[in-house]
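Q: I have a model open and want to go through it with you. Can we take it topic by topic?

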Amino acid sequence: MKFGDNLRRMRELKKISQEQLAELMGVSRQSVSKWEREESFPSMERLLKLCQIFDCDLADLLTESGSGESGEW
């Protein structure tokens, strides 16, 4: 999995819409959509905020092995 896939999967597992995540992040829904489609990439500050929201490590978001195998998200 790539970042966009990981982000979408985490968001769906937490039952958070793109709109809700955008509000939590202080960005537009379109930004979240672009992140999930990997048309753009969030800043490091926003990546860290995503980790807080999803209670995960950066590696869970960024790496192909970040597939939630630990069951934490």
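A: What follows goes through the fold, the charged pairs, the cysteines and the backbone.

Q: What kind of model is it?
A: This is a predicted model.

Q: How many helices and strands are there in the protein?
A: The protein has five helices and zero strands. Read from the N terminus, the order of elements is α-α-α-α-α.

Q: And what share of the residues counts as buried?
A: Of the 73 residues, 37% are buried. The protein exposes about 4,500 Å², and carbon and sulfur atoms supply 44% of that area.

Q: What about contacts between residues at least 6 apart in sequence: what share joins residues at least 24 apart?
A: For that set of contacts, the share is 54%.

Q: Switching to charges. How many salt bridges are there?
A: The count is three. One of them joins the side chains of Asp-5 and Arg-8, with 2.7 Å from N to O.

Q: Where do Asp-5 and Arg-8 sit relative to each other?
A: Both belong to helix α1, residues 3-13, and because they are three residues apart there, about one helical turn separates them. Asp-5 is partly exposed at 30% relative accessible area, and Arg-8 is partly exposed too, at 29%.

Q: Which residue does Arg-11 pair with?
A: Arg-11 forms a salt bridge with Glu-36, and their closest N and O atoms are 2.6 Å apart. This pair links distant parts of the chain, with Arg-11 in helix α1 and Glu-36 in helix α3, 25 residues apart.

Q: Is that pair buried or exposed?
A: Arg-11 is buried, at 9% relative accessibility. Glu-36 is buried as well, with a relative accessible area of 7%.

Q: Which residue does Glu-39 meet in a salt bridge?
A: Glu-39 meets Arg-37, side chain to side chain, at 2.8 Å from N to O. Here Glu-39 is exposed, with 52% relative accessible area, while Arg-37 is partly exposed at 47%.

Q: Now the cysteines. How many disulfides are there?
A: The count is zero.

Q: What is phi at Glu-38, then?
A: Glu-38 has a positive phi of about 60°, although it is not a glycine. The residue is in the loop between α3 (29-36) and α4 (44-54).

Q: How exposed is Glu-38?
A: Its relative accessibility is 39%, so Glu-38 counts as partly exposed.

Q: And what is phi at Asp-55?
A: Asp-55 is not a glycine either, and its phi is positive, about 50°. Asp-55 lies in the loop between α4 and α5 (58-62).

Q: Is Asp-55 buried or exposed?
A: Asp-55 has 56% relative accessibility, so it counts as exposed.

Conventions
Residues are numbered from 1 along each chain as its sequence is written. This is a predicted model: local features need pLDDT of at least 70, side-chain atom pairs count only at pLDDT 80 or more; totals for chains, interfaces and linings use all residues. Side-chain values use heavy atoms; hydrogens and water are left out. Helices (H or I, at least four residues) and strands (E, at least two) are DSSP runs, numbered from the N terminus. Buried means under 20% relative accessible area, exposed over 50%, partly exposed in between (1.4 Å probe, protein chains only). A salt bridge is a side-chain nitrogen of Lys or Arg within 4 Å of a carboxyl oxygen of Asp or Glu. Contact means heavy atoms within 4.5 Å. Accessible areas come from the Shrake-Rupley method with a 1.4 Å probe; for residues, only the protein chains shown count as cover. A disulfide is a pair of cysteine sulfur atoms within 2.5 Å.
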